[in-house]
Amino acid sequence: MLARNFLHHQWYPSNQRGKAPLFNVRTMYMVYSHDNGGNDPSTDSTNTSSASPQSVVRTVCSLVCQSYHQQTHIRAATPSKINLPSDFNSLTPDQAITIVASLAAEAGSMVALSFFYWAIGFVKFRNFMRFYIVSATSLISNGNLGRANEVMQCMVESFAEIGKFKEAVSMVIEMQNRGLILNSQTCNSILSIAFGTGFTKLTENLFEEMFSRGVSPDSSSFKLMISYYCKIGEIMGASKWLSAMIERGFIIDNPTCTLVMRSFCENGHVNRASEYFNIFLDRGFTPNLVNFTSLINGLCKRGSIKQAFEVLEKMVNKGWKPNVYTHTALIDGLCKKGWTDKAFRLFLKLVRSEYYKPNVHTYTAMINGYCKEEKMLRAEMLLARMQEQGLVPNTNTYTTLIDGHCKVGNFTRANDLMVLMAKAGFMPNICTYNAFIDGLCKKGKVQEAYRMLNLIFQNGLQADKFTYTILINEHCKHGDTKEALGVLNKMVKFGYLADIHLYTTLIAVFCRQKNMKESERIFEEVIKIGLIPTQKTYTSLICGYCRDGNVSLALKWFEKMSEHFCEPDSITYGAIISGLCKESKLGDAFRLYMAMLEKGFSPCEVTRLSLAYEYCKKDECGTAMIVLERLEKKLWIRTVKTLVRKLCSEGKVEIAGIFFHKLLDKEVNADHVTIAAFMTACYERNKYALVSELSERISKGIG
């Protein structure tokens with residue numbers, strides 16, 4: 001406004017102010033030339049820094065107009081690039097503000113915008129917020145809201161570079177009170193910059209601000225939100241924005257679809273990825289080969305081979321032919337499932353294909369399949385075949401073979417492969433050494449494993465999380481808790497966080513040693529560092545307390561499982577039921593046993609036998625029958641045979657006889673071991689009538 005008043009005051013005669021101008025900025029160049037004796041202002045020897053502020057403004061405005069109109073032949077929707085003398089970079093920020101406002105008022109938005117882009121090429125203008133505010137306000141006054149949004153985008157980008165992103169966003173929101181109507185392009189630009197600077201919460205707030213101020217997010221807005229959450233692995237966040245996008249009727253594009261499939265699958269949400277893929281198809285999305293392959297790869301890694309082949313069938317029906325990457329994903333999935341014969345048939349199909357041939361990843365996947373089955377000769381043959389085809393094995397190929405040989409104990413060949421690997425220009429990495437350490441530990445050569453660990457350090461490598469995990473698991477397997485904790489402390493010291501599975505292993509070994517105090521200490525540490533206990537974590541503690549004869553504490557931990565959304569399984573139920581049986585708390589044991597059956601769990605033989613036997617000891621045969629009656633026929637027969645023999649060994653032949661007759665009702669031909677055990681027990685206790693009755697029934701074949 002000041003700039004506009006300045007122009008109005010300087011160039012309009014007093015009797016013409018408020019009327020149409022006698023001349024405008026476009027004629028300034030001619031006026032200025034006349035005032036200076038016809039000299040070109042660009043060749044004036046007087047430096048702009050020594051000129052008066054008003055003459056500098058007039059000079060620059062004139063030159064901007066001249067430069068702009070000289071390029072009319074290349075003008076389009078974007079502002080022309082203007083050329084100003086280098087000495088004009090001595091302009092002050094306040095002068096630049098006056099110039100851009102003057103140009104917008106008198107020469108039009110595009111001329112002003114051309115000067116704006118020239119000015120922000122200099123740091124002093126680029127980082128001067130008032131320059132952006134005046135530029136945008138001037139454009140708003142001209143009714144050019146689209147270009148005003150463009151200025152705001154530049155401001156946010158420039159201020160984000162100097163760490164003032166929040167201030168810039170606040171000003172954008174403030175500009176809405178000055179007449180700026182934000183468009184989706186500006187919002188998307190801000191969202192994109194916000195993701196790059198890590199202002200996630202601010203971004204979500206901005207998205208909501210868009211809604212509240214009447215800006216309708218477009219498909220790009222949603223794609224930005226989805227892409228960001230996928231890239232940081234926050235699947236719930238990505239899922240939220242995907243659902244919102246679908247609800248608004250937008251269709252996903254191919255690159256975003258690929259990102260969603262990969263991210264969801266890599267983070268263990270394969271089913272959800274598959275569901276969204278089908279929703280996309282129903283909404284008219286046309287997937288490409290990469291989209292299909294991404295989902296197939298995710299399904300294969302999860303072991304859902306049947307679903308992967310169903311997606312392959314859809315893909316072929318839509319006219320896409322699987323490429324080498326699609327085949328490699330399927331081969332890898334089949335091999336991990338243990339179906340190497342099927343994988344090899346698919347591999348041969350690829351070998352015979354006219355369009356695609358197996359690459360190094362395909363061969364490595366097939367070699368890995370044979371290594372898992374310990375078919376090392378076939379794995380070596382594939383390596384030779386691969387080299388014959390001119391393919392060069394990579395670090396992963398060699399490491400896969402080395403791992404296979406280490407698992408079968410062939411450390412000589414594994415060492416030879418490591419030498420060949422180095423000669424081929426591939427240095428062993430930590431995964432290669434981990435294969436050695438794991439193989440040595442599995443063969444009981446722990447000291448050699450530690451020598452290999454020293455070799456890692458000598459070669460300038462650092463042990464990783466998996467190295468430490470292998471060693472801790474090995475020490476736990478042998479009950480060497482002191483060494484296991486020592487390795488864990490080193491692991492934490494070097495910045496690696498143990499996962500809940502490793503902590504559960506440690507808890508389990510202390511529980512087996514009845515060191516419940518240490519088990520609880522580790523559990524408390526797990527909670528403290530923010531890990532979530534699993535069902536196995538709780539089951540280990542419950543088993544430990546039952547083993548230690550402290551069923552009341554076991555029940556306490558059993559009830560605490562729900563705090564972390566853990567559900568007991570048959571092992572959890574079995575442990576606590578057995579513990580309650582030992583303490584003759586049969587009512588509680590029976591209640592848990594029935595709850596277990598209601599949830600569809602099949603009790604193990606120890607659980608069902610323990611509970612039935614304890615009731616038999618109390619001469620409560622009817623309840624013992626109820627315990628067993630819901631079992632499948634085969635399980636019932638096996639359990640009753642074992643129960644009869646156990647009762648006989650304890651001298652309870654009358655109760656054993658009741659169950660034996662029940663057994664004959666379901667199976668005429670009782671096994672000789674059970675018959676012999678029963679008869680021996682009867683003879684020892686002079687229960688000849690029981691023997692006679694049973695013998696008569698068996699001889700008559702009554703069942």
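Predicted model: local features only at pLDDT ≥ 70, side-chain atom pairs only at ≥ 80, totals over all residues.
Author: Residues are numbered from 1 along each chain as its sequence is written, and side-chain values use heavy atoms, with hydrogens and water left out.

Reader: Okay, which residue forms a salt bridge with arginine 638?

Author: Glutamate 605 does, with the closest N and O atoms 3.6 Å apart. Arginine 638 sits in helix H36 (residues 633–649) and glutamate 605 in helix H34, so this pair ties together parts that are 33 residues apart in sequence. Helices here are DSSP runs (H or I, at least four residues), numbered from the N terminus.

Reader: Is arginine 638 buried, exposed or partly exposed?

Author: Partly exposed, because its relative accessibility is 46%; glutamate 605 is also partly exposed, at 25%. The scale goes like this: buried is under 20% relative accessible area, exposed is over 50%, and partly exposed is in between (1.4 Å probe, protein chains only).

Reader: What about glutamate 567 and lysine 599?

Author: Their side chains meet in a salt bridge too, at 3.4 Å, N to O. Both sit in loops: glutamate 567 between helix H31 (551–560) and helix H32 (570–582), lysine 599 between helix H33 (586–598) and helix H34 (605–617). Glutamate 567 is exposed, at 53%, whereas lysine 599 is partly exposed, at 46%. Elsewhere, Asp403, Lys407, Asp438 and Lys442 are linked in a network of salt bridges.

Reader: On to rings. How many aromatic pairs are there?

Author: A search of the whole structure finds 32. Rings of Phe, Tyr and Trp (its six-membered ring) pair if their centres lie within 6.5 Å; planes under 30 degrees apart are stacked, over 60 edge-to-face, and the rest tilted. Take phenylalanine 222 and tryptophan 241, a tilted pair with 6.4 Å between centres and 55° between planes. Phenylalanine 222 belongs to helix H12 (residues 219–231) and tryptophan 241 to helix H13. Phenylalanine 222 is buried at 1%, and tryptophan 241 is buried at 7%. Then there's phenylalanine 660 with phenylalanine 678: edge-to-face, 5.3 Å centre to centre, 70° between the planes.

Reader: And where does lysine 666 lie?

Author: Over the face of tryptophan 636, at 4.2 Å from the ring centre. For a charge to sit over a ring, NZ of Lys or CZ of Arg must be within 6 Å of the ring centre and within 35 degrees of the ring normal.

Reader: Last one: what volume does the largest pocket have?

Author: About 530 Å³. On a 1 Å grid over the protein atoms alone, a pocket is an open set of points with protein on both sides within 12 Å along at least five of seven lines, and lining residues have an atom within 4 Å of a point. Grid points are joined across faces, edges and corners, and the volume is the space filled by probe spheres set on the points. The lining has 21 residues, with Asn297, Lys301, Tyr325, Thr328 and Ala329 nearest the centre. Helix H16 gives the largest share, seven residues.

Technical notes: Helix = DSSP H or I, 4+ residues; strand = E, 2+ residues; numbered from the N terminus. 1 Å grid on protein atoms, 1.4 Å probe; cavity = no way out; pocket = protein on both sides within 12 Å on 5 of 7 lines; lining within 4 Å. Salt bridge = Lys/Arg side-chain N within 4 Å of Asp/Glu carboxyl O.
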